Amino acid sequence: MCAYLSPSTVVQPLIHRWYAVPFVAAPHTGALNLTKRHLPALRSYLKGPERHARALSNPDMFGAPFIDPGPAGPAGIAELLERTLATGEPRVRMAEDIDAGRTMLRKLGDGRGLAGLYGELPQSLRGLTELVYDTGNNPCLRFFESLVYRSAAAQPEAQVVSLLERHDPEQPFVYSSPILPNGPGRTDLEVPFCSELLDELFAARLHSVDVEELADRFGLDGARREGFRRLFTEEEPRRYQPNLTGEVRMRFFGHASVVLDFGGFTVMTDPTLGYDGDGFEQHYSIADLPETIDVVVLSHGHSDHFSLETLLQLRRRIGTIVVPQCSGGSLADIGLRVMLEHYGFTNVVELGDMQSLETGPAKITALPFLGEHGELDIRAKMVPMVRLGGRGFLFATDTSPVDPTIYDLVAEEIGTIDALFIGLECVGAPMSWLYGPLLEAPLAREHSEDRALKGSFAAPADRLAEQLGARQIFVYALGIEPWLKHLTGCRYDPEAEQLKQEVILRDLAGARDVKSELLYVTAERFWPVGDARVTV
Ligand SMILES: [Fe+2]
Ligand SMILES: [Fe+2]
């Protein structure tokens, strides 16, 4: 049978059955997440499954750290714990060694030369790290990330690409619950993420394939082969219509995913996409993309902006992927380029602050991104400025303009913009929620809350729009799309502070004759070609 991969088929990359968010996908941070988040969660569940079930029976607890095992029940979690302890040893060892290495450095790195301490390093860290001081004389481990991906902790054998016939609106929050095998409609492909076979599978979204032959090549038989067949359809896929209006077209795909199209040249930001038939039809899906996306720009490494789920499916359809440059080697500031390259991408360009890339008619400039990272020294974040068709679009995502003077300096250089896209995630999760497993010692609760991963309020967002002369504001990236709630952990709450701030921003901007609107479901806007002399 020749058929297409159905636009409803969901693709979930997993490592040790946990959804591969960036901090799980990088081996060293994945190791720490395994021992400090996932294994304790499995043990906690097995100690009191009723407590987890009780907590999750309250819909307000969606997103809280409780496990929903689905139909596999406690037996499925017990089996996963046992299997992880048996197969996860390289990551468990690396996590223990990172702890031991940091303890040793804390004890012996008192300002003396560190060369003599390499012999004290645990074996799994040898060759992967340099021992250094920061300028405050604090000793630390600096990782050679490209070598870390070549270490035993990379664990390609623990990677699974799990396919689901259709999005499950009841899917638990992926940070809190593992995705267990053999669920209804689920077929697992036991291949590493870098496998070129996956590219052949994903090409079948647009070009029909011989399903039986592909099943053979994945080594599928029995029930898994049956399940695999059900992921395909003979129905012709929708064909993308390039924008040949002579104007610049913007289509909103949900959360922070935006596609700009000018004469068929496309630039996409932060692709985190939904699927057809997911029960929420009011959004563009993965089936609404062009065959080739000329440029994909990733603003930062948070999982709602850097989605391996979407990126892997588009791996051979993207011209250039633009990512922010990291500082290299710290546990918090993981490299996005090195990760993508390890997972089979060959077209990644890094931009440092104020660096630009010109490609086709587009110019992408990486502006500084302030805040939203718990005050950790994380450089792998940028506010992409996209010039296309003589227009300027600024994707401020989760930035928090805590020091607005930065944008005075930026405005001098970039000139005015046409549209500001900004999230108003002014509440944010406590810092430890995301970064806790990486910390050497737990952070006091009040400090973790004080350093919450929060974006802008309305007033600074309006000020930013004014500084940059934006004629239009789009509020987006609030995580309120119900089809993405298993990824964002957010439930739509019309009383939420973020939505109140959206109304405030509408009023503030309106008072200046600037329109502000919330992007949430399908949206399409056009701009006539602008003054081509305005360039970054
Ligand atoms: Fe973020
Ligand atoms: Fe975000």
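Predicted model: local features only at pLDDT ≥ 70, side-chain atom pairs only at ≥ 80, totals over all residues.
Residues are numbered from 1 along each chain as its sequence is written, and chains are lettered from A and ligands numbered from 1 in the order in which they are written.

**Helix H5**

Select residues 89–108, which form helix H5; helices (H or I, at least four residues) and strands (E, at least two) are DSSP runs, numbered from the N terminus. The 20 residues of H5 should span 28 Å at 1.5 Å a residue, and this agrees with its end C-alpha atoms, which are 28 Å apart; the expected span is 1.5 Å times one less than the number of residues.

Next, colour Arg-91, Met-94, Ala-95, Asp-97, Ile-98, Gly-101 and Leu-105, the buried residues of H5. A residue is buried if 20 or more other C-beta atoms lie within 10 Å of its own, exposed if 12 or fewer, and partly exposed in between, with C-beta atoms placed from the backbone. Because these residues cover an arc of only 165° around the axis, they are on the same side of H5, the arc being that of the directions from the helix axis to the C-beta atoms. On the other side, Thr-103 and Lys-107 are exposed.

**Two loop residues**

Now select Arg-17, in the loop between strand E2 (10–15) and strand E3 (18–19), where its phi is near 70°, a positive value in a residue other than glycine. Arg-17 counts as buried because it has 20 C-beta neighbours inside 10 Å.

Finish at Asp-513, in the loop between helix H17 (497–510) and strand E22 (515–518), which has a positive phi of about 65° although it is not a glycine. With 7 C-beta neighbours inside 10 Å, Asp-513 counts as exposed.
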